[in-house]
Amino acid sequence: PGIDYPNEQKDRALAQHLVSLYTVDGGAAVRANGRAVPSDRMLSVETLTQYISFARRHVHPVLSDAAAQDLQTVYLELRQMGNSRHSITATPRQLESLIRLSEAHARMRFSAVVERMDVAEAVRLLRVALHQAALDPTTGTIDMDKLITGRSAADRANVETLAREVENFFVAQRANAVPFYKLLGQLSGGRPKPVSADELREALAQLEEDNVIVMEGAQVVKR
């Protein structure tokens, strides 16, 4: 009785009701930040288009000294997110994005000057984007590596660790060649989570790039 089974008719009715809470209903109101906003205070699409067009053509804001200082401070904070040896740090591209967002917010206000409030909103937007695109679920922190390369610093470190284990295996076994899946089994032994074939391939690709091993079919051959 407590299970929410799909029912198209009921689901459609519920969806329509929920959506109606956030859209114009008979010219009454919409909701913004949880508050009802009278529809006569809303901009039409035509007016909004003209507003944006005018702002683009006629408003060209410049940074105030305080806004520029805030941008520098935020950029240094982003750089500190990637200050470890195995991590990729923020680049000037992120700073340029913050500047453009700040200018856009000032332009929206028809302001000739980018103020600190504009930078604050740009930073808020960036942090939301970073949280969505660069959150490492294993650590709960923002990972600049994941944002820039699509891979977290933890993943990169794991590959490097596995590559070192492959090197140690060849030394310990005094072997010059080993079948791929035999190596996979050896490395997975004793681990709480077995090494996946993809993880091993990635580590071997790194070793091959470093001229440590070479792949000959299904054989891993030490150089």
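Is Arg-201 buried, partly exposed or exposed? Select Arg-201: it is partly exposed, with a relative accessible area of 41%. Buried means under 20% relative accessible area, exposed means over 50%, and partly exposed lies in between (1.4 Å probe, protein chains only).

Before going on, note that this is a predicted model, in which local features need pLDDT of at least 70 and side-chain atom pairs count only at pLDDT 80 or more, while totals for chains, interfaces and linings use all residues. Residues are numbered from 1 along each chain as its sequence is written, and side-chain values use heavy atoms, with hydrogens and water left out.

**Stop 1: Arg-201 and Asp-198**

A salt bridge here is a side-chain nitrogen of Lys or Arg within 4 Å of a carboxyl oxygen of Asp or Glu. Asp-198 is exposed, at 56% relative accessibility. Both residues belong to helix H9 (residues 197–209), three residues apart, about one turn of the helix. Helices (H or I, at least four residues) are DSSP runs, numbered from the N terminus.

**Stop 2: helix H8 against H9**

Now select residues 180–188, which form helix H8. H8 packs against H9 at an angle of about 105°, and the two axes are 11 Å apart. Axes are lines fitted to C-alpha atoms, for helices over the stretch in contact, and angles run from 0 to 180 degrees between N-to-C directions. The two helices are therefore roughly perpendicular, a label for angles of 65 to 115 degrees.

To see the contact (heavy atoms within 4.5 Å), show Phe-180, Tyr-181, Leu-183, Leu-184 and Leu-187 of H8 with Ala-197, Leu-200, Arg-201 and Leu-204 of H9. Of these residues, eight are nonpolar, none is polar and one is charged. Ala, Val, Leu, Ile, Met, Phe, Trp, Tyr, Cys and Pro count as nonpolar, Asp, Glu, Lys and Arg as charged, and the others, Gly among them, as polar.

**Stop 3: Glu-121 and Arg-124**

Move to helix H5 (residues 116–134), where Glu-121 and Arg-124 lie three residues apart, about one turn of the helix. A salt bridge of 2.7 Å, N to O, joins their side chains. Glu-121 is partly exposed at 21%, and Arg-124 is partly exposed at 44%.

**Stop 4: Asp-118 and Arg-109**

Last, select Asp-118 and Arg-109, whose side chains form a salt bridge of 2.8 Å, N to O. Asp-118 is buried, with a relative accessible area of 0%, whereas Arg-109 is partly exposed at 33%.

How many salt bridges does a search of the whole structure find? The search finds five.

Key. Angles under 35 degrees count as roughly parallel, over 145 as roughly antiparallel, 65 to 115 as roughly perpendicular and the rest as oblique.
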